[in-house]
Each structure stands twice: as structure tokens, then as C-alpha cells.
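Subject: Structure for you to look at

Hi,

Here is the structure I promised to pass on. Please open it alongside this note, and I will walk you through what turned up.

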Amino acid sequence: MTPAFQDKLTEIRSRFVAALDVRGQIVYEAIISIETEDNQGAALQAAQMELHKIAGTAAPLGFKELGAFAADFESRISAQLSCSELNLIALKTDLLELMETIESIQLDASPSNWMRGSPNAFA
Amino acid sequence: MKMLAVDDDPLSLDLLETLVAQIGSHEIVKSESAEAALEIINQEPSGAFDCILLDIRMPGTDGIELCKLIREIPIYKRTPILMVTQMSDKANIDSAFAAGATDYLTKPFEISELRGRLQIIESFLEDRRANVGKIFAAKSLQADSAIETKIDLLEPVEIIDVKGVVEYHVLENYVAQLSRKSLFGSTVTALKIVNFEKHHQKASAADLGFLITDVAEAISDALLETTFLMAYSGNGTYVCVLEGGWRPDTNAWAKNSCKNLEKMGLCLTGGEPLHINLYGGPAVRLISRVGARAVDALSEAQENAEKAYEASIADGGFFGADSDLAFWNAS
């Protein structure tokens with residue numbers, strides 16, 4: 001791995017962590033709005049789209065756990081979309097876990113921390 | 001290679017660009033939507049991109065729809081399209097290949113996987129440059145039969161504009177992707193043109209092109225109710241990966257294909273009628289086959305068709321559309 005490549009990955013990783021706040025918030029608002037919105041399908045699809053983005057880049061940037069969870073959460077929303085009745089408790093439980101995972105990443109986001117465990121797949 | 005990468009997530013695009021730069025001296029142009037990608041394609045010089053990388057899940061036009069739209073642009077009909085996506089279910093894999101994808105890479109991936117796929121695409125492009133002109137197109141051939149070089153007997157050729165028909169290496173990529181994702185519900189089977197060697201000897205280069213393309217159309221039309229992907233593998237053989245099917249009825253498929261051919265009324269350039277019979281062998285199930293063994297199923301299906309033909313000759317007959325036609329050209 002060249003230093004330039006490493007630097008670029010570090011920069012993308014920092015942007016990913018910074019963007020998690022907004023992305024988490026979009027998922028949060030979509031799930032919470034289900035209780036009040038008429039168009040629950042559209043809200044769930046908005047949440048799915050954001051989870052899909054998180055899942056696509058999290059693992060290569062070293063956040064395998066977040067990536068796997070976001071992918072699972074996205075799949076569970078797909079399953080719910082095909083059900084006649086939504087399981088709000090299950091959705092909120094997943095949402096809570098997503099928020100906690102994001103918070104723990106943001107607390108632990110300094111380059112000195114993430115480089116310790118050689119987290120990325122590109123070494 | 002000059003590549004166009006399309007993904008609605010700018011971070012994902014930047015990551016892909018960084019990885020591609022690490023792999024080799026490639027140029028990558030990024031687009032965050034299908035609509036913007038089509039604009040870029042139209043603005044760039046014709047055929048500017050050697051390869052296109054597409055995410056599937058995007059707002060508006062998704063990657064599969066974009067793949068179809070790109071394939072409608074004549075200069076990009078054969079450009080390698082690699083789907084780079086998190087969608088790993090069979091429905092998306094099937095739809096992507098049916099839309100014209102060349103290969104499929106599931107996120108998250110290792111950089112070695114991306115390197116491997118791009119190397120395959122590069123070597124494929126080199127091979128293609130060496131084989132310009134050996135493409136058979138259902139539509140363009142009707143208007144322009146200027147095929148001057150006859151293909152070799154065993155040579156796989158590319159047939160375009162026939163539903164469900166892809167290049168042989170794309171069929172291999174498809175089976176490999178099903179295997180990677182442990183999606184084993186498909187079966188592989190092959191149909192072979194009876195006495196293809198004789199047809200090959202007798203027909204002109206253009207007639208051979210018509211023959212191979214028309215048979216592909218007849219076989220494809222006989223499978224309309226089924227999800228499938230098929231390729232011409234050379235030597236008059238068509239290999240097909242069929243969705244599901246405990247025991248696909250190859251016999252009925254061959255018969256229906258032959259009926260379609262009879263309706264088409266094939267003939268050589270001089271007007272001599274061309275009667276084509278097909279035969280097939282037992283299907284090979286992909287269940288529990290991983291890696292190279294899954295791709296080997298394609299060869300096994302071809303061997304099965306060959307063995308079935310030899311066995312039927314020994315028994316004194318083979319199946320085709322019409323028993324009266326049997327052996328019309330077998331002697």
C-alpha cells in the first residue's frame with residue numbers, strides 16, 4: 001500500500017465518519033415518521049436507501065460490523081415491506097442499535113485509533 | 001482503460017476511484033446518477049469508455065435500467081459493463097446479466113477481487129480487438145450480410161440482438177457469480193445442431209452467420225416462459241443456464257426450437273432450403289457446485305449433448321421437430 005493510497009483512504013474514511021451523522025439522522029427520521037406518515041412504504045424506502053449507502057462503503061473502510069448491520073437492517077426492512085403489517089418494535093430496535101453503533105464509531109474515529117487494528121481490506 | 005463509474009453515493013465513487021488508481025493506470029470518470037451518466041456518454045467522443053462500472057440501487061433510473069439504456073447505444077453494445085453492487089440476490093444477478101452486464105462484483109469486495117475482474121476485462125478487450133468482425137447480429141445481418149471471414153468450426157462467437165443470448169465468457173461470469181453467492185437453483189443444458197460440421201463446410205461465411213443466429217433465435221423463442229441465459233459455444237452448440245427446474249425437458253425444448261426453425265424456413269443464399277435438427281443431453285444441476293466446478297457444468301452440459309447424440313446414432317435415431325426429418329442429413 002503506497003502512502004498516497006493510504007492517505008486517500010484515510011481522507012475518504014474521515015468523510016464517511018463525518019457523513020454518518022446525516023445518514024443516521026435520515027434513517028432515524030424515516031423510521032420515526034412511520035407512526036405518523038400515511039406513506040409508510042416511501043419512508044421505509046428512504047431508510048433503505050441510506051442504509052444501502054452505509055453498507056456499501058462501511059466494510060471496505062474498516063467498519064465491518066456497521067456494514068454488516070446496515071445490510072441486515074436493510075434486508076429486514078425489505079422483508080417488512082412485503083408484510084401486510086409493520087413490526088414497529090423490531091424496526092425501532094434495529095434503529096437503536098444503528099444509532100449506538102454510529103455513536104461508538106464517532107467516539108473512536110481518530111486515525112490513531114482506527115489504524116491500530118488494521119481495519120481495512122486493502123492492506 | 002478509460003472507465004465510467006456510476007453510483008449515487010459520492011463516497012462510494014471516490015473509494016472506487018482510489019482503488020482503481022491503486023490497481024493500474026486507469027482513468028475513471030464519475031457520475032452520481034444514470035441521467036448524468038447518459039449525458040456524459042453523449043458528450044464524450046463516441047466510444048470513449050472502454051469499460052463501465054454500475055451500481056444497481058440508485059434513485060430514479062437504477063443500474064439495471066441504465067445498463068439496458070447503454071446497450072441501446074450502438075457503440076456501447078459490446079463494451080464490458082461490470083456491476084459493482086451490494087445487491088447479491090439472484091433476481092438482481094439475473095436481471096443484470098439479462099440487461100447486458102458482462103460481470104458482477106458484490107460489495108463489499110477485496111481489492112484483489114476488483115483487480116482480478118478488471119484484468120479479465122482488459123484481456124477480454126485485447127482478444128476482442130484481435131477478433132473484430134466475428135459478431136453475429138440478428139438485426140444487422142438481415143440488412144448487411146457482409147461477413148467475409150468464416151468462423152472456425154469450434155469457435156465460440158458473439159451473437160447480439162437475440163433475447164437472453166450472451167457471449168460465452170459472460171455466461172461463465174454469470175455461473176461463477178451464482179456460485180459465489182451459493183445460488184444453486186439453476187440447471188445447465190445444451191442443444192447441438194445435428195451435423196454441424198457438414199453445414200459448416202457447405203455454408204458460406206454469411207450463411208453460417210445467419211444459421212447460427214437464426215438457431216439462437218429459435219431456441220430463445222422456445223424458452224420464452226423461462227428465465228434463462230444462453231451462449232453459442234462453438235461447434236454448433238448452444239449452452240443454456242435455466243432458472244430452477246428439477247428436470248428440464250430438453251427433448252421438448254429441442255422439438256419446439258426445431259418447429260420454430262421450420263416456421264422460419266431457412267435457406268442458403270442460392271435458395272436451397274436448410275433443414276436443421278437439434279439434439280440435447282441431460283441437464284446438469286448447479287446444486288452444491290462451487291468455484292470452478294460450477295463453471296465446469298457448462299462443459300459437462302455440452303459433453304452430455306454430444307454423448308446423447310452419439311448414443312442416439314447408435315440406437316438409430318435422435319429427436320428433433322419432426323421424426324420424418326431425422327437423418328435427412330445424417331448419412
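A word on burial to begin with: a residue is buried if 20 or more other C-beta atoms lie within 10 Å of its own, exposed if 12 or fewer, and partly exposed in between, with C-beta atoms placed from the backbone. By that count, 34% of the 123 residues of chain A are buried, and 44% of the 331 residues of chain B.

Some housekeeping. This is a predicted model, in which local features need pLDDT of at least 70 and side-chain atom pairs count only at pLDDT 80 or more, while totals for chains, interfaces and linings use all residues. Residues are numbered from 1 along each chain as its sequence is written, and chains are lettered from A and ligands numbered from 1 in the order in which they are written.

**The two chains**

Helices (H or I, at least four residues) and strands (E, at least two) are DSSP runs, numbered from the N terminus. Chain A has five helices and zero strands, giving the pattern α-α-α-α-α along its sequence. Chain B comes to eleven helices and twelve strands.

I call two residues in contact if their C-beta atoms, placed from the backbone, lie within 7 Å. Among contacts with a separation of 6 or more, residues 24 or more positions apart account for 65% in chain A and 73% in chain B.

**Where the chains meet**

Chain B puts 14 residues into the contact and chain A puts in 19. On the chain B side, α1(B) gives the most, with six residues. That side has five nonpolar, four polar and five charged residues. For these classes, Ala, Val, Leu, Ile, Met, Phe, Trp, Tyr, Cys and Pro count as nonpolar, Asp, Glu, Lys and Arg as charged, and the others, Gly among them, as polar.

**The domains of chain B**

Chain B is divided into domain 1 (2-129) and domain 2 (135-325), with bounds from an automatic or database domain assignment. Taken over C-alpha atoms, the centres of these two domains are 28 Å apart. Eleven residues of domain 1 of chain B are in contact with 13 residues of domain 2 of chain B. The largest share of the domain 1 side, five residues, comes from α4(B). By class, this domain 1 side has five nonpolar, two polar and four charged residues.

**The core**

A nonpolar core here is a set of buried Ala, Val, Leu, Ile, Met, Phe, Trp, Tyr and Cys residues joined through C-beta atoms within 7 Å. The largest one has 116 residues, and those with the most contacts inside it are L53(B), L54(B), A96(B), L171(B) and V239(B). Helix α9 (residues 205-221) of chain B provides its largest share, eight residues. Domain 1 and domain 2 of chain B both give residues to this core, so it lies between them. Leaving out residues up to four places away in sequence, L171(B) touches V166(B), L229(B), A231(B), V239(B), V241(B) and L298(B).

**One helix to look at**

Which residues of α5(B) are buried? They are L114(B), R117(B), L118(B) and I121(B).

Best wishes
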